[in-house]
Each structure stands twice: as structure tokens, then as C-alpha cells.
Amino acid sequence: MILKNGELDPIELLRRVRDGGQIDDDEALGLSDIANLEPLMAAAASQRDQYHGSVISYSRKVFIPLTHLCRDVCHYCTFAHPPRRGENAFLSREEVLKIARAGAKAGCREALFTLGDKPEKRYRLARQELETFGHGTTLSYLAECAQLVFEETGLFPHTNPGLMGTTEVVALRQVSVSQGVMLESVSQRLCEKGGPHYGSPDKAPVRRLETIRRAGEANVPFTTGILIGIGETRRERIDSLLALRHLHMAFGHIQEIIIQNFRPKPNTRMERVPPASLQELLWSIAVARLLFGPEMNIQAPPNLSPGELAQLVAAGVNDWGGVSPLTPDYVNPEAPWPHLDTLCNETQAAGKSLVERLAIYPNFIRNKGRWLNSNFHTPVMRAVDSEGFARIESWSPGTAQHPPNATTALVGSARGSPDDRLLDFILKRALSGLTPNETEIVRLFGARGRDFTAVCSAADQLRRELVGDEVTYAVNRNINYTNICYFRCGFCAFSKGRLSENLRGAPYDLEMDEIKRRVREAWARGATEVCMQGGIHPSYTGQNYLDICQAVKEAAPKMHIHAFSPLEVWQGAATLNVTLREFLTRLKDAGLGSLPGTAAEILDDEVRAVLCPDKISAGQWFEVMEAAHGLGIRSTATIMFGHVDAPVNWARHLLRILVHQKRTGGFTEFVPLPFVHMEAPIYLKGLARLGPTFRETMLMHAVSRLVFHAHIPNIQASWVKLGPVGLSHCLRAGVNDVGGTLMNETITRSAGAIHGQEMPPETLESLIRDAGRVPRQRTTLYGTPPEERRAAAIDRPALKPSVNMLARDYVNDPKTKRNLLRPGQVSKLS
């Protein structure tokens, strides 16, 4: 124990926790003697900020009091009462659903079931009503009601069931996303005669701890905590917290620790007992934070400390718990919930951003295979953002929905200083050219509120310093020569294989004459580039790609060929049995000008194993780029994000791109491609989110600008994914390029996007000018096209309908029955 004059040294304590150290049990008991709260709270707040930054979370809930009967007689409680004349013992199924439906209509996501403990063991009325419902116990009826609410309303049940055996814990796990039992205190003294728990068999500390242990064994995300001010001492509070810490260290299942302050209530045996003081509440919050560390969620109910929320934040809380816009706090009926707007304003006044969560916390959602019953996997995945917080936007990439005002307004507001001091430090270093590390990049992606404004503003400031106010675009045409593909990428609704014919569009394979026709038409309409990619047709070899290049050059000798993803290059080289360098040399000789940096998706094999397991690995993607850049063939770099990934995967992706760019300098631009979910197989199977939120989309553009700095000066936004309105907002977050006019777009539209096939030069330029920027037409490699190209693009003929030749029997054709290359299972070619 670190002592100074016989007491715990708060200065040394602060130093240790800032260095990531943990307080052992003996030192924890010494915290009870600390009289000066200031260093204790400062240490706690510092620990909280290390992990949670400027976020304070809450759950939007509806409170369902299944029964007020309880076999216990806690001396401070007004929730539980004996049977009353004319009142039923339990809510009926219909009454439960009525409350839940009203909650769903009010925008709630959590159905909080609260009830007395085992009333059937004390009251005949409870037993009789349960029998009429077809149940023998309160907990089995609870399980039925929880399942009913989830199935009928989509609300996620959180159950506070009281003491449970293992069978009951497991049964409730199947119908709820989380469970909770307040420990309250480990003091057996409080259960003795004259104590608040006397006559309450279910408040025996050893029995409550046993229930919490069983929840850990069953992998149940669990809520618990302590009740302060009911006669316990500080040392007894510490003992209680340590008991919970030991259980959490064993199972990792405690998702939040609630520090609840006692408030006396009329007509109870403790109505004359003074409430817990604010000082004791702050001390308890700070100690809980120090004992459980940065990652734990420490909660204090906001309705029990009105007007004091800033001090609770200063003591180390990061969560306000469940707050209902509809139902009262039945446990503390004298303390109404704060209005959510008021809660948001008070949280902001304390220097934090209020963020909605589900009843299950983000850390547990990220490991849903362990913590959630399988029936909740898809609904939870579709209800959250990349960090696991509640998805509150209706916007998704490729839809007609406009970006949310709550996000776009923040971009236009004055920058000011971010709430998160560490984030402010990261931004200043990034602006000076110092690359953020993986952890710091994840922090940037988590920016919300004023922090979000600061990140976007910093990115736009850097954009202005590096490339000025010009926004560039190319006049080009997309030609997707086939949609037949034998790979099974989970995100792709474009490709047609034996298992994907039910998706949009029929299988096709363009004839060379049609490719030439489209190239000539594109040249006549002012194009300087054709962008060409397709599925990996089982009968294609590298010669097909060489033939395509030759066809383009025959049709329009001056047309720049921007073609073939690294997957196509890898497959082409392998089918010709040549190295990557040899095949790329042949492509270059045939007219290839540059490579699109697609097929990157997320350059982290942890994600690729789920998203595209048989595709090229991250390492193989870089092998293709290394060979191409070594031959002077430039390329773009992309990221396709917002599906099964997380900010840590994005950070790894950006850093790997940066390392490669510093070595070769071959990337011309970085292109974030938000995942379009609507027709994607992985979404239809219930395994992916609804694409990134608009906040995440803007941050991807902004953070990539800050990470790449001058190494990749061009950051592009995709109007096909974002739509015109979304594109204009991203122009305020570090973007200086808007891609091409396209003329045709197939891949994104196959996934369900509604945005147009073509964005003419005059439309793009008008959009750019409306954003206060200067448009400039460019070539693929960022040169200036000849004036005659610009004139042709403005005075262009109408686009003729494209004809895709249908392909038949492409899967069962014996000619394709060769060993098909699966690059993810192959070693180096170069």
C-alpha cells in the first residue's frame, strides 16, 4: 500500500491510475479514509476518459412493472406492496404489450422488466394468477412476457428478476439481452434485526452474489451495483465493490456498476433516515471507477440527483442508465426522469456528449457470439452503429434519405475546442504531420458532438492547406464487362453465380464489339477514361483482360484505361502461370494506364475471413500494388466499410495503406466506399449492419485526410453512395475530389442504391460551387485534359441504351470445370 503520513497518498494514486495501474484489495480499503474528494475524483475522471472519452451513454427504455408483490420487506421500498383489494397480482399479457407498444411508439429500444422477488412463495393470489396464466413461477411468466414483447414490438428486454438458479438464468438468457440484480451491500449486518434488509431472505449477500456468479457462468451481460446510505459504512461499500470485482475478473460479465443513492420515502420504516449525501455519492462513484478501471461502465441514476449531474460526471460516471420518455420510475416514483433534451443539455454543459445505447453495452455486442442468444444477433446488429451504440439515423448509403440534420448541423458549427482533451492533442499532432497510431485513430472515429465538429474542421483545414479550394472530377465511363463471378463475397449483389441469381439483374458477359461501342460513345461524350471491372468469370484467363485493353485502344487510342482490381490481376497472372510483374507488364504494354484500388474492402484479414474468405488476402492485395507501383502503374486505394467491421479495423486499414504509400508513392487518391446494404447477401443473411451512419461516413473522409496528410493528397467522395446532398456535406470534411461522371453505374445500384447512372459535368460543377469551392476537370492522374475534351463533355450526345448480352449455362458449362483459383488459399505469385 502506498502511504503518506499513515494515509493513502492521493497524488501517488493519481499517478498510478493514469499509468494504467490497478488498486489492490488492501489499498482499496484504505480509500475509505480519504477526506479530500478532489484528487480522488480527478483520478477517477482521468481513468474514465482514457476509455470512454467524452461519451456519456443512456438507454431509452419503457418500464414494465410485471408485479409489485414480493416476498421481501425491505424497509426503504415503496415498489413492493402486499395484495390490494381490486388489484391483480400481475400485469396480464395484454397489459404488458400495451405498455411495450407505447414504448416502441415513443422511440424506446429497451423493455425493462422489474418485479418483486418470488411473490408466489408468500402470496396465494400470486400462485392463483400464475396458474391461470399457465405458469408455476413468476420467473417462467417473466420469460414468456419478455419473449412476447420482443416478438411483437422489437424492444430488447432487460430483466431484473431477483434471485435465480442456473436453470432460470439460462431460460431468461434466451429471451433477454441482459439481466440485472442489485447487490446493494455485502454487509450481513444490514440483514439483522433493525437493519433495512431484516425479514428479506432474498437480500442475503451470499445468495445475491451466487446469482451474479451463475449469470457469469451462463455468459449473461449483467447489471449490478450498490445502494448507498442505508446504514452501511464506507468500508462495507468497498467490500461490496471488491466482491463484484472478483466476480467480474472471473467471468467478465458485469456490464455496468450502478451507484444508487438512497432517498427516504413516505410510509416506509426508513422515512426519517437522512438521504445519502452528495459527498458520499461522489466518493462512492469515484471509488467504483478506481476499483473497476477505465473500461467499466459506472452509472448513477440522473433522476436521483437533480441539478448535480456535472458533479457526477466529474466523479467518473459514464452512463445515466435507463431513462424513459413514457413511464415513471416505479422504484423511485418521487423522482421523475429528466426530459431527454434537459439531460442532453446538462451532459453537454458537463463537457460530454449524450449517446444512446441498447440495454446491452457495446463491448458485449462486439462479442455477441458469447454474450447474446442467437435469436438476438441480427436485430441487435441492425440496431447499432460501428461502435455498438444505438443507431439513431434513418440514413443509409445509397438511399434517398437525406443525411440527418443533427449530424450535418455540427459540421457547419463553429469549431471551438473538442470536449475530449486527448482528442484535441491527437488533432494538433495530426495537423503538424505526426501520424496518429491505431488507438488514436480509433479515438478519432469515435468523435461525437463538439468532438465530431473538431475532427471535420481539422480535416478541412488540412485539405485547404494541402490542395486549396479546388474540387476535381473526371469525365469517365464505367464498363462492367461481366457480372458472372465464382467468388462468394458477402457484400456483393452485382456478381452472378450459382447461388446469387435471385439478386438484381440477369447474368451477362459483354462481347468485345459492345465494349468497343461503349468506349467510342464515351470518347464522343468527352471522356478521358474508361473504368473497367467485372466479376471473376470462371472461364476468364489473363488473356481476356489483355484482349479488353486491346479492344479499348482500337476503339479510342487516347482513352486512359483505368481497369482491373487486384483480384482480377492476381487471377489473370495465375491463369497464365506468370508472375504478377510479368502480367502487369503485359497489361501495361496492351494499354493499361492505372489500377482501381478496389477489392481492398477492409485490409484486415480478421474481417476478410467473414466478408470475403476466398478472395485475395490483405497481403496479396498489397503484393499486386507493390508490383504495379514498381512498374510505374499508379492506382487508387479504397476502403469499403460499415458492415461487419469496427473502427479498429478501419484504423489498421488506413495505417497499412500509409506504410505502403510512404514506400512506393503509387496511390493517386483514397476513396471511402460506404457499404450499401439493401441487396447485399451478407445483410440479407442477417450478418451485417445497415451500412455506416452518416457521422461515420463523414469521419471516414475526415480521418483519412488527417492520417494520410500530404502522402495521399487527394481524398475522394462517392456521389453514387452518398447522393448529391451527402456529397456536398463531405466537401466540408477534407474531401477535394468527387470521382467521375460515370455514364453507367452497375455495381452499387445492384446492391440497392437509387442514385443516378450519370452525374454530368455541369451538375457536378454546380454542386461544387454551391459548396463554396472551385471545380476543375481532371484526368485520371490529376492532369488537365485538353480543351476539346471539356468541350465534348459539355456538348455531348445523348447516351444510347446499353445492351448486356445474356449468358446461359455459365456455371454448368463443362469448359469451366477446371480448378478455379481461390487466391485466399494461395501463396505469393510475384
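Arg463 counts as buried because its relative accessibility is 2%, where buried means under 20% relative accessible area, exposed means over 50%, and partly exposed lies in between, with a 1.4 Å probe and protein chains only. The residue lies in helix α19, residues 450-467, and here helices (H or I, at least four residues) and strands (E, at least two) are DSSP runs that are numbered from the N terminus. Leaving aside residues up to four places away in sequence, Arg463 touches Gly468, Asp469, Arg705, Leu731, Gly734, Val735, Asn736 and Arg773, with contact taken as heavy atoms within 4.5 Å. From C-alpha to C-alpha, Arg463 is 33 Å from Ile616 in space, and the two are 153 residues apart in sequence.

The model is a predicted one, in which local features need pLDDT of at least 70 and side-chain atom pairs count only at pLDDT 80 or more, whereas totals for chains, interfaces and linings use all residues. Residues are numbered from 1 along each chain as its sequence is written, and side-chain values use heavy atoms, with hydrogens and water left out.

We turn next to the sheet. Strands of a sheet pair through backbone hydrogen bonds, either parallel or antiparallel.

Strand β16 is in turn joined to β17 by 2 bridges, the two running parallel, with Leu595 standing opposite Ser635 in β17. Strand β17 (residues 634-641) is largely enclosed by the rest of the structure, because 7 of its 8 residues are buried. Between β17 and β18, which run parallel, there are 6 bridges, and Ala637 has Phe670 as its bridge partner in β18.

Two pairs of helices complete the tour. Helix α23 (residues 580-589) packs against helix α25 (residues 618-630) at an angle of about 50 degrees, with the axes 9 Å apart. The two are therefore oblique to each other, given that angles under 35 degrees count as roughly parallel, over 145 as roughly antiparallel, 65 to 115 as roughly perpendicular and the rest as oblique. In this contact, Leu580, Arg581 and Leu584 of α23 meet Glu623, Val624, Ala627, Ala628 and Gly630 of α25. By class, the contact has 5 nonpolar, 1 polar and 2 charged residues, where Ala, Val, Leu, Ile, Met, Phe, Trp, Tyr, Cys and Pro count as nonpolar, Asp, Glu, Lys and Arg as charged, and the others, Gly among them, as polar.

Helix α18 (residues 438-445) and helix α28 (residues 694-708) cross at roughly 145 degrees, and their axes come within 9 Å. Here Ile441, Leu444 and Phe445 in α18 meet Arg695, Leu699, Met700, Val703 and Val707 in α28, a contact with 7 nonpolar, no polar and 1 charged residues.

Technical notes:
Axes are lines fitted to C-alpha atoms, for helices over the stretch in contact, and angles run from 0 to 180 degrees between N-to-C directions. Two strands pair if DSSP finds at least two bridges between them.
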